[in-house]
Amino acid sequence: MLRRCIPKAFTFLPSRRCLSSTTFIKSADPYPLPLQSFRPSKQNDSSVLDNQDIPSHLMPKPLPRNNETVDTLRARLVYQSRKRGTLETDLLLSTFAKENLESMTESELKEFDKLMDEPDWDIYYWCTEKRDPPPRWANSPLLEKLRIHTRNEGKVVRKMPDL
């Protein structure tokens with residue numbers, strides 16, 4: 001339950017009279033997240049559950065992209081790597097895409113596409129090696145390339161590439 005302090009001066013009664021005192025209103029979260037019950041209570045809890053522990057019917061299904069050409073796939077991945085939703089993951093994936101997508105084979109592009117289906121923060125924590133990836137990504141050469149890119153051992157100043 002959240003407690004919000006709302007001045008009654010802004011709460012109009014049917015007779016349209018305003019009161020000058022303050023009241024507390026209890027309300028539940030109006031927009032609960034569907035996966036809240038599967039997340040830890042503490043922010044830095046190391047027992048965060050991976051997506052494999054979340055029931056599959058709660059996870060969004062990737063869109064099937066039948067008959068997509070390699071050029072279309074590459075162009076879509078460039079855009080999707082830039083427009084993720086979190087700035088940290090956007091920066092890592094977009095700079096990685098700019099440097100590597102042109103030289104990737106079709107199978108590597110499809111693997112990168114599958115990685116893009118994962119939640120942003122999971123990708124970020126796997127790349128920064130703050131958390132171990134689930135078994136499906138543990139031995140991925142693509143994720144290892146992304147981790148090397150994330151380490152930025154050359155100390156390159158990175159910025160969002162142009163679209």
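1. Start with E118. It is buried, with a relative accessible area of 11%; buried means under 20% relative accessible area, exposed over 50%, and partly exposed in between, using a 1.4 Å probe and protein chains only. R136 forms a salt bridge with E118, and their closest N and O atoms are 3.1 Å apart. The pair links distant parts of the chain: R136 sits in helix α5, E118 in the loop between α3 and α4, 18 residues apart. R136 counts as partly exposed, at 43% relative accessibility. A salt bridge here is a side-chain nitrogen of Lys or Arg within 4 Å of a carboxyl oxygen of Asp or Glu.

2. A word on the basis. This is a predicted model, in which local features need pLDDT of at least 70 and side-chain atom pairs count only at pLDDT 80 or more, while totals for chains, interfaces and linings use all residues. Residues are numbered from 1 along each chain as its sequence is written, and side-chain values use heavy atoms, with hydrogens and water left out.

3. The overall layout. The protein has six helices and two strands. From the N terminus on, the order is β-β-α-α-α-α-α-α. Helices (H or I, at least four residues) and strands (E, at least two) are DSSP runs, numbered from the N terminus.

4. Totals. Of the 163 residues in the protein, 29% are buried. The protein exposes about 11,800 Å², and carbon and sulfur atoms supply 54% of that. Accessible areas come from the Shrake-Rupley method with a 1.4 Å probe; for residues, only the protein chains shown count as cover. Among contacts with a separation of 6 or more, 51% join residues 24 or more positions apart. Contact means heavy atoms within 4.5 Å.

5. The core. Which residues of the largest nonpolar core touch the most other members? They are L77, L101, F112, L115 and L146, in a core of 19 residues. The elements that give two or more residues to this core are α1 (70-82), α2 (87-100), α3 (106-116), α4 (120-127) and α6 (141-151). A nonpolar core is a set of buried Ala, Val, Leu, Ile, Met, Phe, Trp, Tyr and Cys residues joined through side-chain atoms within 4.5 Å. In soluble globular proteins, nonpolar side chains tend to be buried together.

6. F112 in detail. Neighbours within four places in sequence are left aside here. F112 is then in contact with L77, S81, L93, F96, L101 and L142. Two of these partners, L77 and L101, are also among the core residues that touch the most other members.

7. Helix α4. Its buried residues are D120, D122, I123, W126 and C127. They lie on the same side of α4, because they cover an arc of only 165 degrees around the axis. The arc is that of the directions from the helix axis to the C-beta atoms. What do the buried residues of α4 pack against? Their partners are α2, α3, α5 (135-138) and α6.

8. T95. This residue is found in helix α2. Is T95 buried or exposed? T95 is buried, at a relative accessible area of 7%. Beyond its neighbours within four places in sequence, T95 is in contact with H149, R158, K159 and P161.

9. K110 and E106 meet through their side chains at 3.4 Å, N to O. They are four residues apart in helix α3, so about one helical turn separates them. K110 is partly exposed, with a relative accessible area of 45%. E106 is also partly exposed, at 39% relative accessibility. R151 forms a salt bridge with E144, with the closest N and O atoms 3.6 Å apart. Both ends are partly exposed: R151 at 36% relative accessibility, E144 at 34%. Finally, E68, R76 and D113 are linked in a network of salt bridges.

10. Positive phi values. Most residues other than glycine have a negative phi. Where does the model depart from this? Just after α4, E129 takes a positive phi of about 60 degrees. N152 lies in the segment after α6. Its phi is positive too, near 50 degrees. K155 also lies in the segment after α6, and has a positive phi of about 55 degrees although it is not a glycine. N152 counts as buried, at 17% relative accessibility, whereas K155 counts as exposed, at 66%.
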